[in-house]
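Please open the model in your viewer and keep the selection panel at hand. The stops below go from a helix to a core and then to a cavity.

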Amino acid sequence: MNKEKIAVLADSGSDVPQDFAAAHQVFTLPLKVIYPEREYIDKLEITTDEVIARMPGEIPSTSLPDGQAILAIFDEIKAAGYKKVIAVTISSGLSGTNNMVRLMAEEYPALEIFVLDTKNIGIASGLQAIRAVELIEAGETFETICKNLTKEVLQNKVFFNVATLEYLQKGGRIGMVTALLGTALKLNPIISCNEEGVYYTVAKARGRAKSLAKSLELVKQFAASHKKYRLAVAHAGAENEAREMARLLKDMLPNAVEEVLFGEISPALVVHTGPQLLGVGVQVLD
């Protein structure tokens, strides 16, 4: 039921699982991964495993999509017969993508475009794109969907298990002192985005196993007082741990929609967080 011909667009840093994106025609706006020899289009010309394989010797930089790439995707959406767009982007506190899409949307009168700043990153941002699809398929109006998504921003949370703070520090995403202390004490931090959409450390645990167990605890706390929620697990070079995490989540939080969504973290995100990244996203739906 898409009477208003509404398309959903998400940037590649939002990590909408690929099977979901394909099944529901979620358009993707790719970020860029930049090595000295060339620029790669996130997820299309470079994989997460390829970025990990070149670490720690080579750490690329990333950049947001340029204006031309954004206009090209608007053209594609228009050519597919859509009239309106819900563009979901990672936090404006972590990337200029939201602002760039907003500016380009103003230059594109052929489509009515709403740009959502999720104040989040990775799968927690992607969960709002999935929610947009759900509301469109339920026959909600464009205006209602835009209002709901804005109101629900803080009902989405991601907990990332980071193997080391080295990459966040190198990318200028986190304070250096924290990074050095964490490395010295073998602390595995769990990071998330605060209400301003900026990274912060939620908890620290000594060793990977304790860190993953702590993540489960944090997810449970976030969802505890709710009856309906959606869960997702995303990883970079940690598939076995991620599958096990999905199984444990299903057992621990049976009220979730039947499936726990599963996907890979984008190469552009891994640049700033490093390998063995495991993220759990929670979306409260009541």
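Buried means under 20% relative accessible area, exposed over 50% and partly exposed in between (1.4 Å probe, protein chains only). This is a predicted model, in which local features need pLDDT of at least 70 and side-chain atom pairs count only at pLDDT 80 or more, while totals for chains, interfaces and linings use all residues. Residues are numbered from 1 along each chain as its sequence is written, and side-chain values use heavy atoms, with hydrogens and water left out.

Select helix H5, residues 123-137, where helices are DSSP runs (H or I, at least four residues) and strands likewise (E, at least two), numbered from the N terminus. Because 13 of its 15 residues are buried, H5 is largely enclosed by the rest of the structure. After H5 comes Gly 139, with a positive phi near 85°.

Next, show the largest nonpolar core, of 56 residues, in which Ile 86 is one of those touching the most other members; such a core is a set of buried Ala, Val, Leu, Ile, Met, Phe, Trp, Tyr and Cys residues joined through side-chain atoms within 4.5 Å. H5 gives the largest share of this core, 9 residues. Centre on Ile 86, whose contacts (heavy atoms within 4.5 Å), leaving aside neighbours within four places in sequence, include Leu 9, Phe 114 and Ala 132.

Finally, select Leu 9, Asp 11, Val 88 and Thr 97, which are among the residues that line the largest cavity. Strand E1 (6-11), strand E6 (84-89) and helix H4 (97-106) each give two or more residues to this lining.

Technical notes
Expected span 1.5 Å × (residues − 1). 1 Å grid on protein atoms, 1.4 Å probe; cavity = no way out; pocket = protein on both sides within 12 Å on 5 of 7 lines; lining within 4 Å.
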